[in-house]
Amino acid sequence: MQPPADPASAGVRVDAGHIGPESAEAPRILRSDQEAGELTKLDLDLIEQLQLDGRVPYAVLARRVGVTEKTVRRRVSHLLAENYIQISAVTDPALLGFSAMAIVLLTVDGTRSPAELADELALLPEVDYVTVTTGPFALQAEVICVDGKELHDVVSGKIRRMSGVREVEILPYLRLHYQEARFAGIRVDDGRAGVRPRALDDKDRIIIARLAANGRASFRELSTELDVSETMVRQRFSRLVDSAAVRVMCIVNPLRLGFRSTCWVGLKVGQGAKAVEVAESLTQLSVVSYVAITAGRFDVLAEMVTVDGEALLKVLDEQVRSLPGVSVVDTWLYLDLHYKALQPRQGPVFPHARDIQTV
């Protein structure tokens, strides 16, 4: 991934302290457990519609699901308050100032349960995704940092030192190739499925940063902040969506929706094959929600979201193992998942920051 451009070079100065949350709050973690009770059919219908478009007006949403707008507002507020969902921008982390990412594979020494360690890992601000899985690595944590030094410091200074961790292995991302966070079972064929890295200017990046913090943020407020017209903000946002640079949508833990055979799949590429081509082939599979090209023991890492073992077996046997260039396929089923929507971090995410203004 390309490091973020210097905002000063584009005529916009950004106050990083205002990009993220105004106060240091506990992270909102979307758990996979059932402690808060079952989701109703209405909840599932609302989640499905909000995964298609997180900014759909509540009046339109009410008509689609067949209830009153008041009921929709109440249920969505409940889902947000209970951390079932977040409504946020899904985008390339580099656009939010994060240029170093990795999956960290952990083995444990038996003194603490993987569940305990997962709880602790999920509290780290640099960690947005923690999985407890089958296989030799009891846990995996996705670490998202502003640069390589921070990545090294987090892994060496925090994760390696956690009680109960035996060994740590890092798979640095060479490229976050694809994200598709819809889990309705059928990918919508609108020509814009998934999110991919794009080169954008700094006003676009500021719009994305605001929508990452609050996916339903007012375009009017954004227009005032950027000193441009509301129409201009809407046009920019539309272009961002059309180019697959961003999707504003409902973020939800797939295990909570009943996709119990969700897993990481690590692939090694054979001699003469290209990791980029294998990664691109994976994006064509409807069950694939995430693809990263990595350094380390695997060349490509993918997340697959399926309802049961039979569905996963069919995909692996009929579609993944037969991909040209794939020599090794390794699969780790999720037992638990802690999921945080990526938020712009308060602090020096953007270099040379001051305050937002056009110059």
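A contact is counted where heavy atoms lie within 4.5 Å of each other. Helices (H or I, at least four residues) and strands (E, at least two) are DSSP runs, numbered from the N terminus. The structure is a predicted model, in which local features need pLDDT of at least 70 and side-chain atom pairs count only at pLDDT 80 or more, whereas totals for chains, interfaces and linings use all residues. Residues are numbered from 1 along each chain as its sequence is written, and side-chain values use heavy atoms, with hydrogens and water left out.

**Figure 1. Overview of the predicted protein.** The protein contains eleven helices and twelve strands. Of its 359 residues, 51% are buried; buried means under 20% relative accessible area, exposed means over 50%, and partly exposed lies in between (1.4 Å probe, protein chains only). Among contacts with a separation of 6 or more, 79% are between residues 24 or more positions apart. The protein exposes about 15,800 Å², and carbon and sulfur atoms supply 50% of this area. Accessible areas come from the Shrake-Rupley method with a 1.4 Å probe; for residues, only the protein chains shown count as cover.

**Figure 2. The buried side of helix 9.** Helix 9 comprises 13 residues, 230-242, and reaches 18 Å from its first C-alpha to its last, close to the 18 Å expected at 1.5 Å a residue. The expected span is 1.5 Å times one less than the number of residues. V233, R236, F237, L240 and V241 are the buried residues of helix 9. They cover an arc of only 135 degrees around the axis, which puts them on the same side of helix 9. The arc is that of the directions from the helix axis to the C-beta atoms. An α-helix has 3.6 residues a turn, so residues three or four places apart point the same way. The buried residues of helix 9 pack against helix 7 (202-213), helix 8 (219-226) and strand 7 (246-252).

**Figure 3. Helix 7, a mostly covered helix.** Helix 7 has twelve residues and reaches 17 Å between its first and last C-alpha, close to the 16 Å expected at 1.5 Å a residue. Eleven of its twelve residues are buried, including D202, R205, I208 and L211.

Figure 4. D227 is found in the loop between helix 8 and helix 9. Its phi is near 60 degrees, a positive value in a residue other than glycine. D227 counts as exposed, at 62% relative accessibility. A244 is found in the loop between helix 9 and strand 7, and has a positive phi of about 65 degrees although it is not a glycine. A244 is buried, with a relative accessible area of 9%.

**Figure 5. The crossing of helix 3 and helix 4.** The axes of helix 3 (residues 58-65) and helix 4 (residues 69-81) come within 8 Å and cross at roughly 100 degrees. Axes are lines fitted to C-alpha atoms, for helices over the stretch in contact, and angles run from 0 to 180 degrees between N-to-C directions. The two helices are therefore roughly perpendicular to each other, a term that covers angles of 65 to 115 degrees. Y58, A59, L61, A62 and V65 in helix 3 meet E69, V72, R73 and V76 in helix 4.

**Figure 6. The loop that holds P125.** P125 is found between helix 5 (114-122) and strand 4 (127-133). P125 is exposed, with a relative accessible area of 56%. P125 and K340 are 215 residues apart in sequence and 9.7 Å apart in space, C-alpha to C-alpha.

How values were computed: Angles under 35 degrees count as roughly parallel, over 145 as roughly antiparallel, 65 to 115 as roughly perpendicular and the rest as oblique.
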